[in-house]
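The sequence and the structure come first, followed by the notes.

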Amino acid sequence: MKTYLKDYFFLTIGALIYAFAIEGFLIPSKIIDGGVTGISMILSTITSQPLGIFIVCINLPFIILALQKLGKRFVFSTFYSILIFAAGVTFFGKMFHGHCIIDNLELFLVAIFGGLILGAGVGLIIRNGASVDGTEILAIYSTKKIPFSVGEIIMFINLFIFTVAGFIYDWQHALYSIVTYFVAYKTMDIVIEGLNESKSVFVITD
């Protein structure tokens, strides 16, 4: 029970940190995230509908897919994280009203610090046994059917999303979105694996 409570405590904190980065840094600066969140941000911009609704609805088919292929604990934890994240973006969206948490912050600094905070939030979620993005589930499922790794599939999906963002916003914001994604990706690695990295190489030879 203590393990479950600890996991869900950090899942909650991670999802709220993620939501804070989205609403406090990225959305006011027209910088998007990758995956389902990025798609949801684009659709929310086009339709003017709440971001949280798209986050939950688009992730639902991937949750159902995961229920067939992955463990129930992972699926429930993921669904919980997505709900908290959707609630978080709704809450912070009303708090910030489309304004960056720091007025007149340069786009490069938004990309860096938004990526750092975003990566820390998502890293906490992954470290505690869940996911918050359906594209990761799709990538895991697709690796059995196509000759690409999970990372490569996610990269292809995100390149498509950032390209679409270039047409909807502009190419400058799309490029800053890629910077944010890269910073978030590296931050996630640090949160999940720690600062001390080691590599092992097995050389098999006569």
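A residue is called exposed when its relative accessible area is over 50%, buried when that area is under 20%, and partly exposed in between. The model discussed here is predicted.

**Positive phi angles**

Ser 48 has a relative accessible area of 62% and is therefore exposed. Ser 48 sits in the loop that links α2 to α3 (51-69). Its phi is positive, about 65 degrees, although Ser 48 is not a glycine.

Lys 30 is another non-glycine residue with a positive phi, near 60 degrees. This lysine belongs to the loop between α1 (2-26) and α2. With a relative accessible area of 49%, Lys 30 counts as partly exposed, because the exposed class begins over 50%.

**Nonpolar surface patch**

Which residues form the nonpolar patch on the surface? The members are Ile 39, Leu 43, Ile 46, Phe 167, Ile 168 and Trp 171, and together they have about 570 Å² of accessible area. Two elements, α2 (35-47) and α7 (150-168), each give two or more residues to the patch. The largest share, three residues, comes from α2.

Trp 171 is part of helix α8, which covers residues 171-193.

| Residue | Relative accessible area | Class |
|---|---|---|
| Ser 48 | 62% | exposed |
| Lys 30 | 49% | partly exposed |

Note on methods:
Residues numbered from 1 in each chain as written. Predicted model: local features only at pLDDT ≥ 70, side-chain atom pairs only at ≥ 80, totals over all residues. Heavy atoms only, no water. Patch = residues over 30% accessible without salt bridge, like charges linked within 9 Å, V, L, I, M, F, W, Y side chains within 5 Å. Areas by Shrake-Rupley, 256 points an atom, 1.4 Å probe, with all protein chains shown as cover. Salt bridge = Lys/Arg side-chain N within 4 Å of Asp/Glu carboxyl O. Helix = DSSP H or I, 4+ residues; strand = E, 2+ residues; numbered from the N terminus. Buried < 20%, exposed > 50% of the residue type's maximum accessible area, 1.4 Å probe, protein only.
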